[in-house]
Amino acid sequence: MTAIQDILREALREVFAGLGLEAGEIALEQPSRREHGDWSSNAAMALAKSAGKPPRDLAGEVCEVLSRDMPMHVSRVEVAGPGFVNFYLADSWWHAVLEQIMAEGADYGCLSFGEGHRVNLEFVSANPTGPLHAGHARGAAYGDALGSILERCGYEVEREFYVNDRGAQLDNFAVSLAARLVGLPPPPDGYHGDYVDEWAQELPSELAAMIEDIEPRPAPPALLNSASDTASTDPEPSNLSTSVTNPDELSSWYSQVASHSNFSDLRTWCRNYAIANQQATLGRLNISFERWFSETSLLDAKKVDDLLIGLQADGTVYQQDGATWLRVSDFGDDQDRVLVKSDGELTYLLPDIAYHQDKLGRADTLIDIWGADHHGYIARMKAAIAALGEAPERLEVILCQIVKLLRDSEEVKISKREGDLITLDEIINEIGPDAARFAYLLQSPDSQQTVDLNVLSEKSMENPVFYVQYAHVRACAILRQARELGVEMQTECDLTLLSHDRERDVLRYLGDLPAELKTACHARAPHRIVSWLRELSSAFHSFYHDCRVTGDDVADDLTQARLALVDAVRIGLAIGLDLVGVSKPEQM
RNA sequence: GCCCUCGUAGCUCAGGGGAUAGAGCAGCGGCCUCCGGAGCCGUGCGCGCAGGUUCGAAUCCUGCCGAGGGCGCCA
C-alpha cells in the first residue's frame, strides 16, 4: 500500500509541474491542531518566491487544481494561515489502513529500506570482572530496542558484546577473588565488592585447593572478618586491613597467585563466571547477543600484530619516549595516541582498533553504544578508522547519558560503598524486567534521565508500562469476551461503519506506525516507539470508554467492524511492545 | 582553558524551521444498571538569558548563565 504521504506528495508535485514549477523536497506534516486537517504542506510558501506570487495565492491555485481531481483518499483541501495547503482525508484511508493490518498481521509496518545493509550493534560490553550494574541498564535496553527497530526496517543486525578479557584488570580480579577465598584483603587496586566473596565460594575445588596451597599465607586480618559493620563504615577498608597484616607478606602472596602455573585457569574461570552471570541478567531482560567477542581472541589470531605491522608499513605510527604512537592527529583527533607503552604493554586502544577493523570486515555500518563518560574516545576511534583507510562515517557512536535513580524522592547512590554498585539484578528484582526496559526507553539517550523506582515498582496508573500493557490486555479481553459470547469474527466486514471520532483516532495512530518506525530508525530513537505506544494506548482506552463492541445494543455488523479494529490495536500494540522488548500480557 | 550533551508546565519528559508548544503524574472538579474503573472526561499566565538568520525560531547560528560528562604511556 502506498503511504498517504507519498500519495499527497506526488499529487502536489504534479500540480506544481502543471504550473511550471519544479518542486524539490515537498514537506508534509501532521498538524498539531485537528482543525488544520490531517496533513499539511508548506510547499506553496517555499515556492512562492520562484513563482513570483504571494504564498496564499499560489496555495489557492494549488487547491483549485487539486479540487478538480481530488487525490485518492482525500475528501477536501483548503488554504490556511500564511499559505499552507491542508488535506482532509476521507474515511476510506483509515479503512484501508485497517484492511492492511488485518491482511498483514504481525508483519504490518515492516519496512525494507535497510535491506542488503549489515549493521553491527555493539553495546553493554561490560568488563568480565563483576555483575552488570545500574550504569549498564540504559545501554542494554536502548541497544536491544534499536536492534529490533533496525531489523524491522530490513537491516541485517548483529548484536555484539565485547569482552575485555585481556590485561591487568582481569588478572587483578582473579587475584582479588583468590584473596577473598582465604580471607585475605584484595590488593589495593583490586576488587572490593561483596560479590567477590560470593563468587569465590563458587570456585571449583581444584582451583580452591590451588589457592589454599599457596604458602606462606599471611594471617587474615581479624577486623575484616569479625566486624564487617566496622569495615563498611570505613571509607577505605583495604587500608585498614593491610595495616593489620604485614604488607610485604601480602604482596608476596599476591605475586605468587599471579605467577602460579595454573593462574590462567583461574583467570579463565573468573572470566567465564562473569560472562555467565551477565548473560543471566540480560536473559531476565530478554536480551541476547549473537556474538560475544573476546579481546584475547584478537591477540590469539595475531590480528593485533598484523594491524601494528600494517600501520608501521603505512608510516602512521612512530616511536617516541620508548613508546609506539599512532599519528591520529593527522586524522582528526586532537593529539597522537600511544599504542604500545614504553614497558611493552599494549594500551586499550590498539586491540580496540583491531577489533573495529574486524567488525568493519563483517558489517557495513558499526554502531557503538557507550556511556557518556567515553565521549572523549569518539574522535580517537574515528581517527583510527580513518588511519586504517576506512571512512570514519562507518562508525556511529551513540552516547547514553547517565541515569539518576530515585527512591522515596531521594537520589539512590549508584555506589553503595567501594567496589559495590547497585546491580542490574537488584533493579530488576525491585521493579520487574518490563518496567525496567520501558523506563530506560522513555526518554532520548541524549537527555539525562531520572528514574523513580517507587513509581515503577507500584502497579499503579502512574506507571506508564502498565498503562500500555493494560491496553493490550484490554484488547485481548474484548476479543476473548466476544468469543465467549459466541460472536465469530468474520473475514469480511463493513468497515465504513467505523466513523466515530474515537475510532478514527485509533486508526490514525495505527496508520502512523510505519512513518513512526522510519523516524525511530533514522533518528536512532527507540523512545519514539514508546511515545507512540502511549498515544495509541490512550486513544484505545478512550475508544473503549465511548464505543461498545459487543452487547444487545450494538448491531451485529458494527460489532464485526469494531472487533476488527480491536484486533488491529492488539496487533499494533504487540508490534510496538516487541520492538521495545516489553512483554505483552493477555491478562493481568 | 578546550570539547560534548542537556536546560520546555509544580514533577518526569515529548516536540528539533511552521499556524493557538504537547503528554503522563501531582492538584482541582466530574463519570460505575456499562465488553475488567489498573479506565474515561474537564481543568495548564511554561520553551534559562541576550543578539542574529528567516515570510516564520522552542527548533538553526553566536555569546552569556546554569547542570552533567570528558580532555592519561587508565580501561
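Begin by selecting R508, which has its place in helix α22 (residues 501–522); helices here are DSSP runs of H or I with at least four residues, numbered from the N terminus. The model is predicted, so local features need pLDDT of at least 70 and side-chain atom pairs count only at pLDDT 80 or more, while totals for chains, interfaces and linings use all residues. Residues are numbered from 1 along each chain as its sequence is written, and side-chain values use heavy atoms, with hydrogens and water left out.

R508 is buried, with a relative accessible area of 15%, where buried means under 20% relative accessible area (1.4 Å probe, protein chains only). Display R34, D38 and W94 next: R508 touches these residues, leaving aside those up to four places away in sequence. Contact means heavy atoms within 4.5 Å.

Now select helix α21 (residues 464–484) together with helix α23 (residues 526–546), whose axes come within 9 Å and cross at roughly 45 degrees. Axes are lines fitted to C-alpha atoms, for helices over the stretch in contact, and angles run from 0 to 180 degrees between N-to-C directions. On the α21 side, the residues that meet α23 include Y467, R474 and I478; on the α23 side, those that meet α21 include L533, F540 and Y544.

How many residues of α16 are buried? The answer is 11 of its 12, among them L349, H356 and L360.

Key. Chains are lettered from A and ligands numbered from 1 in the order in which they are written. Helices (H or I, at least four residues) and strands (E, at least two) are DSSP runs, numbered from the N terminus. Buried means under 20% relative accessible area, exposed over 50%, partly exposed in between (1.4 Å probe, protein chains only).
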